[in-house]
Amino acid sequence: MTRTFRVAALALGLSAALGGIPAFAQGKEPAMTGKTTMGPVLTDAKGMTLYVFDKDAGGKSTCNGSCATNWPPLMADAAAKPMGKYTIVTRDDGSKQWAYGGKPLYTWAKDAKAGDTTGDGVNNVWHIAKP
């Protein structure tokens, strides 16, 4: 009994340290709709604009290595489940990433603050993700 309590307390402490219960566990969608000068866009929990990559196809991310450094994927917890238009793709390294309408979602390292859309149109293959 004591061991179970300690493990539960540790898990609660870790959950609090990581910002609480993950959105998917609360039944909330993994992205939100934010307002930008380009109209409504999908954003992460911090309000950062999400993007899609034209080279991604078939529900698979092709942005790995240095690409993923510049375009950080919107990662999904291993226990996350698809909901509505949000699905989960498995990346080359086995980690999970959120997708919207089958298209993997990313942020852009050069966006400095919530509402920035500087990644839209980069190399004519990156576009804001629209709800």
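Reader: Is Cys 63 buried or exposed?
Author: This is a predicted model, in which local features need pLDDT of at least 70, side-chain atom pairs count only at pLDDT 80 or more, and totals for chains, interfaces and linings use all residues. Residues are numbered from 1 along each chain as its sequence is written, and side-chain values use heavy atoms, with hydrogens and water left out. Buried means under 20% relative accessible area, exposed over 50%, and partly exposed in between (1.4 Å probe, protein chains only). Because its relative accessible area is 0%, Cys 63 is buried.

Reader: Which residue forms a disulfide with Cys 63?
Author: A disulfide is a pair of cysteine sulfur atoms within 2.5 Å, and the count comes to one. The sulfur atoms lie 2.0 Å apart, and the partner of Cys 63 is Cys 67.

Reader: What is the handedness of the disulfide of Cys 63 and Cys 67?
Author: The torsion about the S-S bond of Cys 63 and Cys 67 is about -110 degrees. The disulfide is therefore left-handed.

Reader: Which residues touch the most other members of the largest nonpolar core?
Author: A nonpolar core is a set of buried Ala, Val, Leu, Ile, Met, Phe, Trp, Tyr and Cys residues joined through side-chain atoms within 4.5 Å. The largest one has 13 residues, and those touching the most other members are Leu 42, Leu 50, Tyr 86, Trp 98, Leu 105 and Ala 129.
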